[in-house]
Amino acid sequence: MILKLEVIVRNLKRDKTSCLIGSDSCFLFTLRDDKWVKLPTNLLVEGDEIILPNNSISPAKVVSSTDSSKVYEYGEICKTMSSKSESVFLTDINMINDVDEEKVTFILEETPVIRKIEEIIKTDKTRKEKKISSTIIRTKKIFLKILIITIIVVIIFNIIKLAS
């Protein structure tokens with residue numbers, strides 16, 4: 001399983017067309033081969049330049065291409081552009097180049113799908129740790145019961161031995 005994930009991650013970093021498309025895919029305008037295209041977030045990779053609609057949730061850690069102090073972490077709500085430019089960007093991909101001066105773009109600092117894979121692994125690891133922890137607690141309880149029963153048997157045996 002880990003080897004397969006390593007291969008997926010390696011391919012995603014090497015080939016920008018590799019993908020893991022899930023049902024939660026939402027589309028963003030992305031600059032690829034000097035053209036703006038609409039891609040699902042699962043196809044975005046570190047270094048992609050994207051347009052985030054105003055009040056959208058950041059798909060990964062992103063930095064403004066014009067102001068490096070403007071950074072949004074994964075899951076943060078992005079205040080990015082005016083509603084006028086947002087409506088243009090969201091409705092017609094052919095109009096994007098016509099309104100260059102209003103466009104606010106961001107550079108992805110991480111690959112969203114890799115982040116999702118890491119979260120899945122972390123969640124799975126946490127579940128396993130909890131399962132192991134509960135197994136250890138159950139084992140301790142069983143051991144304690146066995147110890148108490150053994151002590152009682154030894155006491156009873158010594159009482160019988162003394163009585164004889």
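Strands S1 and S2 form a hairpin with two residues between them. Asp33, in the turn, has a positive phi of about 50 degrees. Helices (H or I, at least four residues) and strands (E, at least two) are DSSP runs, numbered from the N terminus. The model is predicted: local features need pLDDT of at least 70, side-chain atom pairs count only at pLDDT 80 or more, and totals for chains, interfaces and linings use all residues. Residues are numbered from 1 along each chain as its sequence is written, and side-chain values use heavy atoms, with hydrogens and water left out.

The chain holds three helices and eight strands. Their order along the sequence is α-β-β-β-β-β-β-β-α-β-α. Of the 164 residues, 30% are buried (under 20% relative accessible area, with exposed over 50% and partly exposed in between; 1.4 Å probe, protein chains only). The accessible surface of the chain is about 11,500 Å² (Shrake-Rupley method, 1.4 Å probe; for residues, only the protein chains shown count as cover). Carbon and sulfur atoms contribute 61% of this surface.

Strands pair if DSSP finds at least two bridges between them. S1 (residues 27-32) and S2 (residues 35-40) run antiparallel and are joined by six bridges. Phe27 has Pro40 as its bridge partner in S2. S1 also pairs with S3, antiparallel, over three bridges. There, Thr30 is partnered by Ile50 of S3.

S3 (residues 49-51) pairs in turn with S8, again in the antiparallel sense and over three bridges. Ile50 stands opposite Phe106 in S8. S5 (residues 62-64) is a further antiparallel partner of S8, with three bridges. Here Val62 faces Leu108 as its opposite residue in S8.

The largest nonpolar core has 13 residues (buried Ala, Val, Leu, Ile, Met, Phe, Trp, Tyr and Cys joined through side-chain atoms within 4.5 Å). Leu44, Ile50, Leu52, Val62, Phe106 and Leu108 have the most contacts inside it. Contact means heavy atoms within 4.5 Å. Not counting residues up to four places away in sequence, Ile50 touches residues including Leu28, Trp36, Pro59 and Val104.

Thr111 sits in the loop between S8 (105-108) and helix H3 (112-163). Thr111 is buried, with a relative accessible area of 6%. Neighbours within four places aside, Thr111 contacts Leu44, Val45 and Glu46. A polar atom of the Thr111 side chain lies 2.9 Å from the backbone nitrogen of Glu46.

How values were computed: A polar contact is a pair of N or O atoms within 3.5 Å; within protein, one must be able to donate a hydrogen and the other to accept it, and residues adjacent in sequence count only if both atoms are side-chain atoms.
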